[in-house]
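Subject: Handing over a structure

Dear colleague,

I am passing a structure on to you below, and after it you will find notes on what was found. Please read them with the structure open beside you.

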Amino acid sequence: ITINAGVNDAVSLRGLSIEGGGVGQTGILFNTGASLTVENCVIRHVTLDGIDFNPNASSSLSVSNSLVADNGNNGITVEPSGSGTVTAVFNRVQSNNNSNDGIIVDGEISTGTVKATVYDSVAAGNAGVGFYAITASGHAPTTLMLFHSVAANNVYGLFSFGLGATLRVANSMVTGNTNGWLTGGGGAGLSYGNDALDGKSKHTEAPPRVSVT
């Protein structure tokens, strides 16, 4: 499904099963539009990403009650361009057993702002990062807030990379990953102090606490 909608158009997809069969390339590709809502969907066995959200202007993404699994690259990629503000919310989403990352929020080619929130969700068994916030110096400040969620049995559980990338975590579990919670390139990882981190062979030092005022 490829979406090239008008600047004021709100697109909603509900109750779909997208089966790539190892042939289809991308499950849902969003290029333009005011917003995309994905509810009660299953996306599996595509050769690239399950969902690619790539707006070139301000836009919003909402994914709920959905499974994105067994795909050839990332489960879900949020990677806008342009200078707009892009937001994404994931609620009761499972991104599992993908050949690269589970959910990646990427501000590297945008000069705007990227903000994502994940709650009651799981990224498990991915060959890359479970939950990943990344940007580059001079590009979009990128924030990923993870609440009441699980990163399990990935190569990397949580990763924040690049100056301007911030990953905040509250009441969540990071377990069974080859590498637990990592930061690099100036990225920031912050915990509210009520997370469970265990069952990994490697882990950076305990992330700093978020200052709440």
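**What was found**

Histidine 45 lies in the loop between E6 and strand E7 (51-53), where helices (H or I, at least four residues) and strands (E, at least two) are DSSP runs numbered from the N terminus. This is a predicted model, in which local features need pLDDT of at least 70 and side-chain atom pairs count only at pLDDT 80 or more, while totals for chains, interfaces and linings use all residues. Residues are numbered from 1 along each chain as its sequence is written, and side-chain values use heavy atoms, with hydrogens and water left out.

The phi angle of histidine 45 is near 60°, which is a positive value in a residue other than glycine. Most residues other than glycine have a negative phi. Histidine 45 is also partly exposed, with a relative accessible area of 31%; here buried means under 20% relative accessible area, exposed means over 50%, and partly exposed is in between, with a 1.4 Å probe and protein chains only. Asparagine 65, which is placed in strand E8, likewise has a positive phi, near 50°, and at 33% relative accessibility asparagine 65 counts as partly exposed.

Turning to charged side chains, how many salt bridges does the structure hold? There are two, a salt bridge being a side-chain nitrogen of Lys or Arg within 4 Å of a carboxyl oxygen of Asp or Glu. In one of them, glutamate 39 meets arginine 14 at 2.9 Å, N to O. This pair links distant parts of the chain, since glutamate 39 is in strand E5 (residues 35-39) and arginine 14 is in strand E2 (residues 10-14), 25 residues apart. Arginine 14 is exposed, with a relative accessible area of 57%.

Aspartate 70 forms a salt bridge with arginine 44, and their closest N and O atoms are 2.6 Å apart. Aspartate 70 lies in the loop between strand E8 (59-69) and strand E9 (76-78), and arginine 44 lies in strand E6 (residues 42-44), so the pair ties together parts that are 26 residues apart in sequence. Aspartate 70 is partly exposed at 24% relative accessible area, and arginine 44 is partly exposed at 30%.

With kind regards
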